[in-house]
Amino acid sequence: MSSPRNASDVSGVTPDGAAWLASAGRYPRSALSHWRERPEAPVVLPCGVVFDVVSAPAVFGRRMLDRMWGEGPGSGPVAEFRGRMLLFAAPGTAQRLPALMEWEEWGAHGADAARTDGVPPLLCHGTGDAVTVPAPTGRSGSRWLVAPDTRHPWLPGPEVLLWAAVRAARAAVRISIFPPADRGANVYDVSRRR
């Protein structure tokens, strides 16, 4: 398992980490060669064999990451790309996580949405999908928060990501003694009374 680096240090990917990332593609040597020529260039890599990716909105993803490192087992590689947090996970996670969230009633919508408002939609990328990963140096408007640093990084499974999402959602919910407002009710400003 890789450890988090200093919060202010956005380190690049190690050569072993780059080799691991490139191994996801059909032509790993081409990806590595591309990065040697253009170390600031992001690359599109397929998911499902070497890793899956769970993409969350940046703020919620940061909350998940904080929970994983503060109270849990840590995380695998994590990148920030175009306002989304990319949490690299064990292969199969993209298929299993949505089912676990539904089973736990955190993926419900409609009438049960009040209970699940704290978990935004998580995009799960697995077999048949591809994601754009930041450049090894992280200079192109995206960056690695936990850069891959080994050829075999530890990757969380769906249970760990479910746990982190639920904890992040619960931490974000404010508890109130007042019942939720009726969205169709008229609202009057009583402070303007005479």
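Q: What is the mean pLDDT of the protein, and on what basis are its features reported?
A: The mean pLDDT is 81, and 74% of the residues reach 70 or more. This is a predicted model, in which local features need pLDDT of at least 70 and side-chain atom pairs count only at pLDDT 80 or more, while totals for chains, interfaces and linings use all residues. Residues are numbered from 1 along each chain as its sequence is written, and side-chain values use heavy atoms, with hydrogens and water left out.

Q: Why is Ser75 called buried?
A: Ser75 is found in the loop between α3 and β3. A residue is buried under 20% relative accessible area, exposed over 50% and partly exposed in between (1.4 Å probe, protein chains only). Ser75 has a relative accessibility of 1%, and therefore counts as buried.

Q: What makes the approach of Ser75 and Trp69 a polar contact?
A: The term requires a pair of N or O atoms within 3.5 Å; within protein, one must be able to donate a hydrogen and the other to accept it, and residues adjacent in sequence count only if both atoms are side-chain atoms. The side chains of Ser75 and Trp69 are joined at 3.1 Å, so the pair falls within the cut-off.

Q: What makes β2 and β4 paired strands?
A: Helices (H or I, at least four residues) and strands (E, at least two) are DSSP runs, numbered from the N terminus. Two strands pair if DSSP finds at least two bridges between them. Between β2 and β4 there are six bridges, in the antiparallel sense, so the pair qualifies. Ala56 stands opposite Met85 in β4.

Q: How do you know that β5 and β7 are edge strands?
A: The five strands of the open sheet stand in the order β5-β2-β4-β3-β7, with antiparallel pairing. The strands β5 (123-125) and β7 (143-146) each pair on one side only. Strand β5 pairs with β2 (residues 52-57) over three bridges, and Val53 stands opposite His125 there. Strand β7 pairs with β3 over three bridges, with Val146 as the bridge partner of Val78.

Q: How many residues lie between the strands in the hairpin of β3 and β4?
A: Two residues lie between them, and Arg82 takes a positive phi near 50 degrees. The two strands pair in the antiparallel sense over four bridges; among the partners in β4 are Arg84 for Phe81 and Leu86 for Ala79.

Q: Why is β4 described as largely enclosed?
A: Five of its six residues are buried, so the rest of the structure largely encloses it. Phe88 is found in this strand and is buried, with a relative accessible area of 1%. The C-alpha atoms of Phe88 and Asp52 are separated by 5.9 Å, although these residues are 36 apart along the chain.

Q: What makes helix α1 mostly covered?
A: Six of the eight residues of α1 (residues 15-22) are buried, among them Trp20 and Leu21. What covers them includes α2 (28-37), β1 (43-46), β4 and β7.

Q: What makes a set of residues a nonpolar core, and how many residues has the largest?
A: A nonpolar core is a set of buried Ala, Val, Leu, Ile, Met, Phe, Trp, Tyr and Cys residues joined through side-chain atoms within 4.5 Å. The largest has 24 residues, and those with the most contacts inside it include Phe60, Met64 and Leu122. Helix α6 (158-172) is among the elements that each supply at least two residues, and α6 gives the most, with seven. Leu122 touches residues including Val54, Phe60, Met64 and Leu97. A second, separate core of 23 residues includes Cys47, Phe51, Val53 and Leu86.

Methods: Contact means heavy atoms within 4.5 Å. pLDDT is the predictor's confidence in each residue, from 0 to 100. Lists of a residue's contacts leave out its neighbours within four places in sequence.
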